[in-house]
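Subject: Structure handover and notes

Hello,

Here is the structure we talked about. Please open it first and then read the notes below it.

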Amino acid sequence: LREFQIRRHTFESLLTFNIFDNISRIYISNTCVPSAKLLRRLVRACGGHCTSIETKANVVVGYTPQMNNNIHEKWILDCITQGILLNKNQYMIVNTNDIMT
């Protein structure tokens, strides 16, 4: 993350990070690690738009009570590290409450 921040600051006028610009709204749960605040800053720095209302989001990151196709916060970090929008289906969080035993 630090490397990304340094690179973005150094080359801000030359490079444009628009990784998340095609996703309308991203909700980031407060249960995320790293913190939701940091993840929101990273998403916005890469062209994304965050929402504080889970039901208005196109993508829900982290654990939430709803658990409707939520994805792991590692998706955000991996997208930024690789510089592309990765398939979020590979980062789905399995809701263990729905699994029959």
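Is Asn69 buried or exposed? Asn69 is exposed, because its relative accessible area is 60%; exposed means over 50%, buried means under 20%, and partly exposed is in between (1.4 Å probe, protein chains only).

Before the rest, a word on where the values come from. This is a predicted model, in which local features need pLDDT of at least 70 and side-chain atom pairs count only at pLDDT 80 or more, while totals for chains, interfaces and linings use all residues. Residues are numbered from 1 along each chain as its sequence is written, and side-chain values use heavy atoms, with hydrogens and water left out.

The loop between β2 and α3

Asn69 is found in the loop between β2 and α3. Helices (H or I, at least four residues) and strands (E, at least two) are DSSP runs, numbered from the N terminus. Asn69 is not a glycine, yet its phi is positive, at about 60°. Met67 has its place in the loop between β2 and α3 (74-82). Its phi is near 50°, again a positive value in a residue other than glycine. Met67 counts as buried because its relative accessible area is 12%.

Helix α2 and what follows

The buried residues of α2 are Ala36, Leu38, Leu39, Leu42, Val43 and Ala45. In general, an α-helix has 3.6 residues a turn, so residues three or four places apart point the same way. Arg44 also lies in helix α2, but Arg44 counts as partly exposed because its relative accessibility is 47%. The C-alpha atom of Arg44 is 9.7 Å from that of Ile19, and the two residues are 25 apart along the chain. Just after α2, Gly47 has a positive phi of about 85°.

Thr51 is in the loop between α2 (36-45) and β2 (59-61). With a relative accessibility of 13%, Thr51 counts as buried. Leaving out residues up to four places away in sequence, Thr51 touches Arg25, Ile26, Tyr27, Lys56 and Ala57; contact here means heavy atoms within 4.5 Å. A polar atom of the Thr51 side chain lies 3.2 Å from the backbone nitrogen of Ile53.

Pro34 is placed in the loop between β1 (26-28) and α2. The peptide bond that leads from Val33 to Pro34 is cis, with omega near 0°.

Regards

Note on methods: A polar contact is a pair of N or O atoms within 3.5 Å; within protein, one must be able to donate a hydrogen and the other to accept it, and residues adjacent in sequence count only if both atoms are side-chain atoms.
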